[in-house]
Amino acid sequence: MNGRQLRTRFKGAAVVVAGLLALTACGGGGSDAADASAKGDQGGDKAATTRSVKHDAGTTEKVPAQPKRIVSVSVTMTGHLLALDAPVIASQATPPSVITDKQGFFTQWSDAAAKNSVKVAYQGFEPDVEKVLALKPDLIIGASSGAENAEKFYDKLSVVAPTLLYRHDDVSWQDLTARLGKDLGLEKRAAEVVAAHEKRVGEVKTAITVPTQSAALVRDNQSAMTVFTPESAQGRLLTSLGFTVLEPAAGKGQTQGGRSDFAEFSQEKVADTAKDSSLLFVSHTPEEITAATARPVWKDLAAVKDKRVYDLGLDTFRLDYYSAGNLIDKIEKAFG
């Protein structure tokens, strides 16, 4: 064999070896390839480097078993991820408002974001794929419900990195936390977060006196009134604290997309809907609550006359670990 043949043969062998090394490094997300990639030279088992994850937009292969650079394309999901100590490097932000900091991060977890050096990926509700790409994520997490629903961008985002999308409107934050913990390999932390919350609920439940009347969880939209049902995240939390949450009359209000967590009623039906329930306002400023209860359709309600009107805080429209804790603090202060 001459020198030229030897060089050619050596190059071919190098290509094969490089290909095998690359295959081993990539793994295969829940497949036989992933199992094979988890084997050492001596046949010993090692933890798989990737996994297959079923989420609300499909099933994603090759999700890192231990992600290092998560980009959140949902400002709602970011709070859940931070509570899990997930490695979030950047997040979608909303236009700044009374419920956010100056960057557009929700106030209930903005301190946690700053502590973890979370950057603003982009501002707005539609994912900026180019900006996400520039952040070099190894995992993208977003929502498949709400204003930041990213389902129509799923294919584009999946080209950048493995992408997982979750609904957050029809599930409790505890269940969503547990699901994220399982999918991200953070089961232990998820259990700790939920256990800490449940412990706090138990402590406050024994320390407060709840009204004998039902609690109407309401939001004044000026043209209508939103009532959160016992099935809502807010309703479930109040129930766990011992409250009887008002169940609005079926068929009397308007729901959206078959949702069971809230219904909307015209202002003319405020009295018929709330009746003598105590009024617990969700996501309002004190000034907005004063203005609402001063309107003719509100001011004669028994709760207004008896001063059974309570402010649950601006951050209670969507609950995560942080805002749920803030709501509990409000309840303890008001009813303790």
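Predicted model: local features only at pLDDT ≥ 70, side-chain atom pairs only at ≥ 80, totals over all residues.
Reader: What makes up the protein chain in terms of helices and strands?
Author: There are 14 helices and 12 strands in the chain.

Reader: How do you know that β3 and β6 are paired, and in which sense?
Author: Two strands pair if there are at least two bridges between them. Strand β3 (residues 70-72) and strand β6 (residues 139-143) have 3 bridges, in the parallel sense. One of the partners can be named: I70 bridges to L139 in β6.

Reader: What makes β4 and β5 a pair?
Author: The same test applies, at least two bridges. Strand β4 (residues 88-93) and β5 share 4 bridges, again in the parallel sense. Therefore they pair. Look at A93: its bridge partner in β5 is Q123.

Reader: In which order do the strands of the open sheet run?
Author: The order is β5-β4-β3-β6-β7, with parallel pairing, in a sheet of 5 strands.

Reader: Why are β5 and β7 called edge strands?
Author: β5 (119-123) and β7 (163-166) each pair on one side only. That is what puts them at the edges. On average, neighbouring strands of this sheet are turned by 20 degrees against each other, direction ignored.

Reader: Why is the unit of β4, helix α4 and β5 called right-handed?
Author: The strands are viewed pointing away, and the path from the first strand over the helix to the second must run clockwise. The unit of β4, helix α4 (residues 107-115) and β5 is right-handed, so its path runs clockwise in that view.

Reader: Which residues of helix α9 are called buried, and on what cut-off?
Author: Buried means under 20% relative accessible area. In α9 (residues 233-240), Q234, G235, L237 and L238 are buried, so each falls under that cut-off.

Reader: Why do you say that these residues line one face of α9?
Author: Seen down the helix axis, the buried residues of α9 fall within an arc of 165 degrees, so they line one face.

Reader: What do the buried residues of α9 pack against?
Author: They pack against α8 (187-205), β8 (215-220), β9 (224-228), β11 (278-281) and α14 (321-335). Just after α9, G242 takes a positive phi of about 105 degrees.

Reader: How many of the residues in the whole chain are buried, as a percentage?
Author: Buried residues make up 46% of the 336 residues. The accessible surface of the chain is about 17200 Å², and 53% of it belongs to carbon and sulfur atoms.

Reader: What share of the contacts joins residues 24 or more positions apart?
Author: Among contacts with a separation of 6 or more, the share is 63%.

Key:
Residues numbered from 1 in each chain as written. Heavy atoms only, no water. Helix = DSSP H or I, 4+ residues; strand = E, 2+ residues; numbered from the N terminus. Axes fitted to C-alpha atoms, helices over the stretch in contact; angles between N-to-C directions. Buried < 20%, exposed > 50% of the residue type's maximum accessible area, 1.4 Å probe, protein only. Contact = heavy atoms within 4.5 Å. Areas by Shrake-Rupley, 256 points an atom, 1.4 Å probe, with all protein chains shown as cover. Arc of directions from axis to C-beta.
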